[in-house]
Each structure stands twice: as structure tokens, then as C-alpha cells.
Amino acid sequence: MKENEFKFTIPLNPATKKNSQQIITRGRHPRLIQSARYRKYADDCGYFINFPYKAIEYPVNIKAQYYRQTRHRVDLSNLNAALHDILVRYGVIKDDCCSIVISSDGSRVYYDKENPRTEIHITPSEETPDF
């Protein structure tokens, strides 16, 4: 592994933010919140993400290989969005904007009933954002 490359695994069944969102009402204003399953998944990810460095602020590619416990249909873009938000939450990347996460090349979804997980490989990008 090269300098500024990071690999780690989250040994949990990957979840998305966009399924089963809930609407709650506080006062007169309804509010959209994430499902209980996603909130638990995001909380549990913290046990497996131990990033001892300063949050990444330079352009990177985040390759994620999602091994799901079921063959249910899922959108890769929704899995990536959830993962990127979790990486921001736990201080791996400073932000998930397009000037830091400039690609997710190589990301795929697989089936593994016995060992669901997300394998993450973060590499510096040789491209520079145009804006």
C-alpha cells in the first residue's frame, strides 16, 4: 500500500439512507429522518472506523466493494452516498463534496450471505477538480 492510501473493512451488512425514511412532526413542522436501520448502521460503523489521521482534504477516489447479505435490489449510488456521509461523520474525509470525493471508480455490489461487509480503499486522485 502506498503513502496516503487507506484500506479498511466495515463488517456489517451495508445499508442506504434513502429506503424507509420517516416523517416526524415536531410542533407544526414535519421533518424527514432516516430509518432506524440506517441510524443503527451508521452508529455501529463507528466501532470499526478508527482513522488516526487528520481528515482527508485532498482529491481522492473512494472504491467501495459492498458485500450484501441478501440479493435485494439496491442502488450503488445510494450505498455510496451513505458511506460518504459516514466517512465524514467519523472524520475520515473532511467533506463529501466533489472537490474531495472526485470519484468512486471500482465500486461494486456483491452478494455474500455469510460475511456481509464493506471493503473501502481510498486513494489520492491524480486528477484535479476543474472548479
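## Salt-bridge exercises

A search of the whole structure turns up six salt bridges (a side-chain nitrogen of Lys or Arg within 4 Å of a carboxyl oxygen of Asp or Glu). Keep in mind that this is a predicted model, where local features need pLDDT of at least 70, side-chain atom pairs count only at pLDDT 80 or more, and totals for chains, interfaces and linings use all residues. Residues are numbered from 1 along each chain as its sequence is written, and side-chain values use heavy atoms, with hydrogens and water left out.

**Exercise 1.** Find where the salt-bridge partners Asp-85 and Lys-17 sit in the chain.

*Solution.* Start with the contact: their side chains meet at 2.5 Å, N to O. Helices (H or I, at least four residues) and strands (E, at least two) are DSSP runs, numbered from the N terminus.

**Exercise 2.** Are Lys-40 and Asp-44 buried or exposed?

*Solution.* First, the geometry: the two side chains form a salt bridge at 2.8 Å, N to O. Both residues belong to helix α1 (residues 36-45), four residues apart, or about one turn of the helix. Now the accessibility: Lys-40 comes out exposed at 51%, whereas Asp-44 is buried at 18%.

**Exercise 3.** Which residues are linked in a network of salt bridges?

*Solution.* Asp-112, Arg-117 and Glu-119 make up the network.

Methods. Buried means under 20% relative accessible area, exposed over 50%, partly exposed in between (1.4 Å probe, protein chains only).
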